[in-house]
Amino acid sequence: MPKWRDAFDAVVDVLLPPSCAACDVVLPGPVGFCEDCAHEVLELPTVHCRRCAEPGAFQGQLCATCVQGGVPWARAWAPFEHEGALARAIQRFKYEDRSDLSRPLGLLLAATARHELASMPGVLVPLPLHELRFRERKFDQAALLTAVLAQRLEREVNADWLVRTRDTRRQVGLSEGEREENVRGAFAASTNVKGRHVVLVDDVLTSGATAREAVRALRAAGAERVFVLTLARARSDLKSGA
Ligand SMILES: [Zn+2]
Ligand SMILES: [Zn+2]
């Protein structure tokens with residue numbers, strides 16, 4: 001990464017007075033969240049499923065879904081729960097035209113996932129939006145987060161390795177079975193992933209149906225191992241979001 005990028009980023013931080021990612025109150029420095037909102041940002045409980053990060057104490061550290069062999073990835077992890085102020089910030093980022101929040105949220109992910117990512121080898125690949133959704137939203141939230149993460153941690157990124165070939169309904173309000181059906185065959189991966197390790201990046205892992213389908217496409221194209229990293233993990237008994 002060229003040296004000027006860090007210098008440039010410092011200038012950008014100065015030019016744009018930082019505000020809280022969840023409530024917009026102006027902050028004294030580039031810290032992401034105001035004091036009140038920061039109290040509501042919940043870290044992932046240390047006791048969670050070691051394959052899918054579902055919070056809770058499970059025998060052998062594997063939840064029921066993972067015991068049944070229901071996940072195609074090597075490991076999925078998120079630094080935070082999808083709750084409170086972070087959930088509000090992600091909501092604003094995705095659905096309220098706040099692409100500017102990709103920077104504080106991407107930096108937050110870089111800072112809190114640095115350690116875990118060290119044990120997730122491979123190229124960072126954002127979980128893609130479909131073309132139609134991209135045109136509607138004007139930006140791809142996972143691609144923006146991944147770009148900030150890759151720059152910050154000096155990791156290789158390739159957004160062309162995975163495409164969404166079919167537009168799908170939002171997963172909100174769908175049952176587990178409907179979610180699986182809704183995203184079936186929705187992704188295609190490049191043959192360049194053959195023999196490679198991949199870290200799939202997205203904002204939130206909810207039921208995991210979308211991530212599972214994306215990982216299946218990567219594996220079908222020959223990816224050796226696929227890890228999943230998201231900023232937040234929703235508890236599967238509180239399904240909301242995609
Ligand atoms: Zn706030
Ligand atoms: Zn699990």
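In the protein chain, 72% of the contacts with a separation of 6 or more are between residues 24 or more positions apart, a contact being two residues whose C-beta atoms, placed from the backbone, lie within 7 Å. The model is predicted, with local features needing pLDDT of at least 70 and side-chain atom pairs counting only at pLDDT 80 or more, while totals for chains, interfaces and linings use all residues. Residues are numbered from 1 along each chain as its sequence is written, and chains are lettered from A and ligands numbered from 1 in the order in which they are written.

The chain has nine helices and seven strands; these are DSSP runs (helices H or I, at least four residues; strands E, at least two), numbered from the N terminus. Of its 242 residues, 40% are buried, meaning that 20 or more other C-beta atoms lie within 10 Å of the residue's own.

Strand S6 (residues 197–205) has eight of its nine residues buried, so the rest of the structure largely encloses it. S6 pairs in the parallel sense with strand S3 (residues 123–126) over four bridges, where pairing requires at least two DSSP bridges. In this pair, leucine 124 is opposite valine 199. S6 also runs parallel to strand S7 (residues 225–233), joined by eight bridges, and histidine 197 is opposite arginine 225 there. Between S6 and S7 the chain passes through helix H9 (residues 209–220) in a right-handed β-α-β crossover (clockwise from the first strand over the helix to the second, with the strands pointing away from the viewer).

H9 also meets helix H8 (residues 176–183): Arg179, Glu180 and Val183 in H8 contact Ala209, Thr210 and Glu213 in H9.

Methods
A residue is buried if 20 or more other C-beta atoms lie within 10 Å of its own, exposed if 12 or fewer, and partly exposed in between; C-beta atoms are placed from the backbone.
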